[in-house]
Amino acid sequence: GEMVVHVVAFQTRAQAVEERVALVGTLDANEAVELKSEVDGPVHTVHFEEGQAVTAGEVLMEFDREKLIANLASAVAELQLAETRLARYQRLVDGGAVSRQEFDEAVATHQTRAAAVRLAEENLRDATIRAPFDGVIGERVVSPGQYVTRGTPLAWVVDLDPMKAEFQVPERYLQELRPGQAVEVRVAAYPETAFTGEVTFVDPQVDETTRTVLVKAVLPNSDGKLR
């Protein structure tokens with residue numbers, strides 16, 4: 001008989017092929033800042049609760065202002081005196097009644113007093129702590145009436161939406177890395193959930209020690225699950 005040929009047919013089609021690499025990374029807040037005191041003095045009023053959502057510019061805490069107001073009033077009075085003296089010396093130096101050196105000293109004194117007023121005004125503004133951006137207040141570590149000094153931590157303000165993911169990618173994948181690539185993140189707290197985002201930054205330098213490249217991605221976090 002004749003030879004029988006068995007043929008198995010397949011339909012071909014074009015489809016995307018993706019290469020995945022699994023890495024261990026770190027989640028960071030979009031923005032996070034530790035509020036610290038810029039003045040010395042007692043805490044007067046706290047306007048927030050721990051865990052409260054705040055908006056940029058919102059007043060969070062106020063320090064006692066009495067001494068700062070008094071310092072400003074004193075600085076303004078000294079500036080006014082220096083202005084009067086400078087105006088008088090201006091007339092006298094033109095007529096030769098005072099020396100140019102005395103006039104220059106009056107000018108320098110006026111400038112010093114003006115700087116003292118600006119500093120006093122800045123200190124008075126620093127007595128009011130405002131939220132630097134929209135976010136959530138973390139733990140408060142001071143209480144009303146507590147005396148604090150410059151640099152004392154007060155609380156944290158954290159913006160958790162979106163979140164940032166950072167991870168190190170081996171150098172061999174460098175030519176494949178680019179902003180806009182998809183990222184899938186899984187965390188121990190939600191093992192069955194995949195959080196998706198995209199690459200926003202690829203470091204132009206390769207780490208000499210690890211031979212890896214730092215990559216950053218952004219992930220939406222409107223439900224606040226990621227921390």
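Mentor: Start with Val5, which counts as exposed because its relative accessibility is 61%. Exposed means over 50% relative accessible area, buried means under 20%, and partly exposed lies in between (1.4 Å probe, protein chains only). This is a predicted model, in which local features need pLDDT of at least 70, side-chain atom pairs count only at pLDDT 80 or more, and totals for chains, interfaces and linings use all residues. Residues are numbered from 1 along each chain as its sequence is written, and side-chain values use heavy atoms, with hydrogens and water left out.

Val5 lies in the segment before β1 (25-36). With Met3 and Val7, Val5 makes a nonpolar surface patch of about 400 Å². Patch residues have over 30% relative accessible area and no salt bridge; like charges are joined within 9 Å, and nonpolar side chains (Val, Leu, Ile, Met, Phe, Trp, Tyr) within 5 Å. A salt bridge is a side-chain nitrogen of Lys or Arg within 4 Å of a carboxyl oxygen of Asp or Glu. Areas come from the Shrake-Rupley method with a 1.4 Å probe, and for residues only the protein chains shown count as cover.

The part to look at closely is a sheet. The sheet is open and has four strands in the order β5-β4-β2-β7, with antiparallel pairing. At its edges stand β5 (128-130) and β7 (147-148), each with a single partner strand, so one side of each is left without a neighbour in the sheet. Two terms are needed here. Helices (H or I, at least four residues) and strands (E, at least two) are DSSP runs numbered from the N terminus, and two strands pair if DSSP finds at least two bridges between them.

β7 pairs with β2 (residues 41-46) over two bridges in the antiparallel sense, and Val148 in β7 stands opposite Gly41. On to the next pair: β2 is antiparallel to β4 (residues 59-63) over three bridges. Here Val43 faces Phe63 of β4. Three bridges then link β4 with β5, again antiparallel, and Val59 has Arg130 in β5 as its bridge partner.

β5 also holds Thr128, which counts as buried because its relative accessibility is 17%. Leaving aside residues up to four places away in sequence, Thr128 touches Val59, Met61, Glu62 and Arg65. Contact means heavy atoms within 4.5 Å.

Another set of pairings involves β8 (residues 153-170), which runs antiparallel to β1 and is joined to it by eleven bridges. In that pairing, Asp28 has Lys164 of β8 as its bridge partner.

The peptide bond between Asp161 and Pro162 is cis, with omega about 5 degrees. Arg211, in the loop between β10 (190-202) and β11, has phi near 55 degrees, a positive value in a residue other than glycine.

For the helices, take Ile69, which is in α1 (residues 66-95). Ile69 is partly exposed because its relative accessible area is 40%. Its C-alpha atom is 9.3 Å from that of Asn123, 54 residues apart along the chain.

Finally, the whole chain. It has two helices and eleven strands, in the order β-β-β-β-α-α-β-β-β-β-β-β-β from the N terminus on. Its radius of gyration is 32 Å, whereas a compact globule of 227 residues would have one near 17 Å. That radius is taken over C-alpha atoms, and the globule rule is 2.2 Å times the number of residues to the power 0.38. Along the principal axes, the C-alpha atoms fill a box of roughly 135 × 45 × 35 Å. Of the 227 residues, 28% are buried. Among contacts with a separation of 6 or more, 70% are between residues 24 or more positions apart. The accessible surface is about 15500 Å², and carbon and sulfur atoms account for 50% of it.
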